[in-house]
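My entries follow the sequence and structure shown here.

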Amino acid sequence: MEIIWNGHSCFTVKTSQGNVVLDPYEDGKVPGLEPLHLEADLVLCSHEHQDHNYRAAVKLSGKPCGLTVTEIASWHDDSCGTKRGSNTIHVIEAEGMKLVHLGDLGTALNTEQIDALKAPDVLLIPIGGYYTIDSDQALKIISQLQPRITIPMHFRRGAQGYDVISTADAFLGKCSNRVEYPANSLTVDRDTPAQTAVLYV
């Protein structure tokens, strides 16, 4: 399974069973990021905000996708969606592994959600705060879900990202097993060791 971070909350996940793009952003909607021109068998969006739902950025192959996808309803804020609406968590299963993309999760997980998401091989989690959970909330969710590999997303880095969200510094300062990769991709199999993987666009 190859995981490519395209910036913000957008990832391409390539597997032997099919390829999927998650949360593509619209051109010009996320400061500092280049327009997306992606290809996949499937595109999934956690919610209908323009920095997460630009399906036109993804050219679909037309081939059947053999991935197993489960959707789990959640909230984009801590007020049951009254501020920013709903959010869909996507669980992707392929090659004997489970990947969880939390989208723009804006609140704590309940017991039912934790049970459904627990022990993923890969967890893609927002950490920047303001629009989503912040670094402390993210760390609590990580302790609840116990992923093997964690990849942070939706944070500010240099000119990339919204001014109102935080950088990854506070989050990474509390991660003892972090590994920084010079590229924006990581290949994962069942033998990849536990880590917080930091990818850069």
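**Salt bridges and their partners**

I began with D136, which has a relative accessible area of 44% and is therefore partly exposed, and I note at the outset that the model I am reading is a predicted one.

I then looked for the partner of D136 and found that its side chain meets that of K174 in a salt bridge, with 2.9 Å from N to O. This pair links distant parts of the chain, since D136 sits in helix α2 (residues 135–145) while K174 lies in the loop between α3 (169–172) and β12 (178–180), 38 residues apart. I also looked up K174, and at 54% relative accessibility it counts as exposed, because the cut-off for that word is over 50%.

Next I asked myself how many salt bridges a search of the whole structure finds. The search returns five, among them the pair of K174 and D136.

I went on to R178 and E180, whose side chains meet in a salt bridge at 3.5 Å, N to O.

My last entry concerns E48 and R55, where the side chains meet in a salt bridge with an N to O distance of 2.6 Å. Is R55 buried, partly exposed or exposed? I found 37% relative accessibility for R55, which means that this residue counts as partly exposed.

Notes: Residues are numbered from 1 along each chain as its sequence is written. This is a predicted model: local features need pLDDT of at least 70, side-chain atom pairs count only at pLDDT 80 or more; totals for chains, interfaces and linings use all residues. Side-chain values use heavy atoms; hydrogens and water are left out. A salt bridge is a side-chain nitrogen of Lys or Arg within 4 Å of a carboxyl oxygen of Asp or Glu. Buried means under 20% relative accessible area, exposed over 50%, partly exposed in between (1.4 Å probe, protein chains only). Helices (H or I, at least four residues) and strands (E, at least two) are DSSP runs, numbered from the N terminus.
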